[in-house]
Amino acid sequence: MNPVFRDVLITGVKIAIVIGGMLGVVAYLTLMERKVVAYIQERLGPNRVGPWGLLQPIADGIKLFFKEDVIPAHVDKVLYVIAPMIVMTMAVMPFVIIPFSKRFYLSDINVGILLLLAISGINTYGVLLAGLSSNSKYSMIGGLRVASQLISYEVALALAFVGIVLWSGSMSLVKIVEAQHTIWNIVPQIIGFIVFFIAALAELNRIPFDLPEAEAELVAGYHTEYSSMKFALFYLGEYANLTAMSAIITTVYLGGWQGPWLPGFVWFAIKMFIVLFVFMWIRWTYPRFRFDQLIGVGWKLLVPLALLNIAITAILRIYI
Amino acid sequence: MLGFGDYLLVSVILFFVGAIGVIFRRNLIYILMSLEIMLNSINITLIGLARYSRDTNPQVLILFILVVAAVEVAVGLGIAINLMRVKGTVDVDLFKSLKG
Amino acid sequence: MKVIFYVNAFFSLVFALGVLFGKNPLRSALSLLLFFISISLYFFFAGSDYLGFVQIIVYAGGIIVLIAFVIIILGLRRESPDFDISLRSFVGIILLALFALGVLYGMGKSILHFVPQSPYFDTSVAGIGDAIFSRYLLPFEVASILLLVGVVLAFIFAKKEV
């Protein structure tokens with residue numbers, strides 16, 4: 001077979017596996033979240049469609065797909081349509097560079113961490129544009145809140161990454177995982193991990209930082225005016241972002257695919273689902289912050305902590 | 001074959017476009033955006049220089065330009081907000097008096 | 001390669017003009033965002049991945065969001081174009097055109113005397129870091145002070161009472 005053709009074919013199959021697997025995980029995350037909240041609140045959760053409600057995500061998808069797609073008359077049409085696409089695309093992007101096992105990754109670029117930060121930078125626009133183009137007060141306040149929140153917490157996120165880069169000596173995710181062969185980054189980088197985890201919660205707009213879509217004050221925040229598949233894209237994008245962030249935390253702090261006995265891919269999945277479960281656990285346990293508290297936590301607590309972490313890491317690097 | 005000349009040509013054209021914006025527009029926000037276009041067009045020349053003289057120094061200069069651009073936007077937008085509050089407009093031709 | 005480069009150049013020109021002649025400030029800001037992303041593509045063309053991503057992070061992730069923020073806070077909506085069409089502007093444009101031609105001529109000539117500084121092109125983060133923390137240490141510190149001044153100034157300007 002022609003080698004070029006073979007390479008293209010192999011890469012295509014890899015991409016199909018990653019995207020298909022990710023969308024499957026995202027679809028069943030919605031079910032998992034509902035089950036987890038149900039058990040936290042001592043209910044049963046969805047159990048009517050299929051055994052243990054396993055077909056519920058498909059039913060939800062069909063329902064959303066067949067709803068009427070309403071575009072309100074007062075919106076900025078182009079931006080209104082583009083916004084959900086940006087959110088979904090940027091949510092899928094991080095999987096390009098995440099190593100799922102020793103051999104299986106789509107691409108290994110030497111500045112992978114910067115790619116992650118760039119993606120999260122562009123991600124802001126999906127939400128911001130959704131809020132602005134909707135031309136409604138609730139959406140606009142939601143969009144503004146989300147933009148200021150994402151900018152503030154991106155600083156903490158980036159500084160936490162600096163600690164990782166200092167410790168591992170590389171920006172490539174593959175190399176970072178390999179550097180965790182003896183000890184996972186979570187041990188020497190425990191402050192960085194805490195900062196990163198809190199900043200990740202804020203980046204994902206999850207409770208206790210879900211001010212942009214606080215239903216008590218803002219109806220549904222930036223996606224108030226969206227319906228049908230466009231709303232579904234926001235909804236799926238949120239869970240895709242959650243999956244991506246769990247995969248990033250697994251890769252960067254929890255040793256990625258490294259682990260004894262089991263194959264790397266299984267270890268990766270186990271760690272990722274544990275992180276996902278913790279995210280859900282937090283969501284249904286804590287109340288919401290006030291907005292000034294949220295910005296205060298970002299700038300006055302997380303950023304200094306991340307700087308302290310960098311200093312400690314640098315000292316450790318020199319003397320150990 | 002791509003050469004430094006191509007980078008230089010694109011850079012100069014974009015610099016010119018940005019300068020037209022600075023000269024012709026009167027809205028302060030547009031002037032700031034045009035200034036950003038000018039700064040970025042200089043980056044193209046620098047990266048071309050770095051690429052074809054195989055040198056690290058222009059890349060460092062690009063980072064410094066990034067810093068300057070960020071500071072310029074932060075201060076410029078602060079001025080815009082202030083002017084809007086004082087005069088109710090961001091049209092620069094209306095700001096002629098030295099005493100506030 | 002050359003074709004892709006000039007297609008990208010065409011797009012960056014279109015986005016730059018979109019910023020210039022836009023009527024809706026928000027649309028112009030988004031056009032500027034696309035312009036910045038097309039600029040980062042030049043960095044990728046030249047092989048400097050690091051600068052390309054830094055460009056996207058700083059400009060797309062920070063500066064455009066700031067500009068969009070201010071546009072929304074000031075309530076700048078669609079407005080009539082505000083071109084300053086007067087004699088002095090045209091004089092300025094002609095002088096600028098002369099300047100641009102001069103740069104093209106002068107620098108274009110100097111291409112002939114290009115001397116590669118090293119056998120290979122170092123675009124790695126380590127290489128740039130080395131340069132910053134050795135030869136450019138003083139400018140680096142000055143840049144940090146500049147950032148600090150920028151923060152303080154922005155705060156003072158945007159405060160309620162001046």
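In this predicted model, helix 1 of chain B passes helix 2 of chain C in a crossing that is left-handed. The two elements span residues 4–24 of chain B and residues 25–46 of chain C, and their axes come within 13 Å, crossing at roughly 165°. Because angles over 145 degrees count as roughly antiparallel, helix 1 of chain B is described as roughly antiparallel to helix 2 of chain C.

From helix 1 of chain B come B:Tyr7, B:Val10 and B:Leu14, which meet C:Phe35, C:Ile39, C:Tyr42, C:Phe45 and C:Ala46 of helix 2 of chain C. Sorted by class, this helix-to-helix contact comprises 8 nonpolar residues, with no polar and no charged ones.

In all, 67 residues of chain B are in contact with 88 residues of chain C. The size of an interface is often given as the accessible area lost when the parts come together. For chains B and C, about 7,000 Å² is buried between them, and carbon and sulfur atoms account for 77% of it.

Charged pairing across this interface can be listed briefly: the rule finds 1 salt bridge between chain B and chain C. A salt bridge links C:Lys2 with B:Asp6, where the closest N and O atoms lie 3.9 Å apart.

Chain A stands in another relation to chain B. These two chains do not touch, and their nearest C-alpha atoms are 14 Å apart.

Terms used: Residues are numbered from 1 along each chain as its sequence is written. Chains are lettered from A and ligands numbered from 1 in the order in which they are written. This is a predicted model: local features need pLDDT of at least 70, side-chain atom pairs count only at pLDDT 80 or more; totals for chains, interfaces and linings use all residues. Side-chain values use heavy atoms; hydrogens and water are left out. Contact means heavy atoms within 4.5 Å. Axes are lines fitted to C-alpha atoms, for helices over the stretch in contact, and angles run from 0 to 180 degrees between N-to-C directions. Helices (H or I, at least four residues) and strands (E, at least two) are DSSP runs, numbered from the N terminus. Angles under 35 degrees count as roughly parallel, over 145 as roughly antiparallel, 65 to 115 as roughly perpendicular and the rest as oblique. A crossing is left-handed if the near helix is turned anticlockwise from the far one by less than a right angle, and right-handed if clockwise. Ala, Val, Leu, Ile, Met, Phe, Trp, Tyr, Cys and Pro count as nonpolar, Asp, Glu, Lys and Arg as charged, and the others, Gly among them, as polar. Buried area is the accessible area (1.4 Å probe) that two parts lose on being put together, summed over both. A salt bridge is a side-chain nitrogen of Lys or Arg within 4 Å of a carboxyl oxygen of Asp or Glu.
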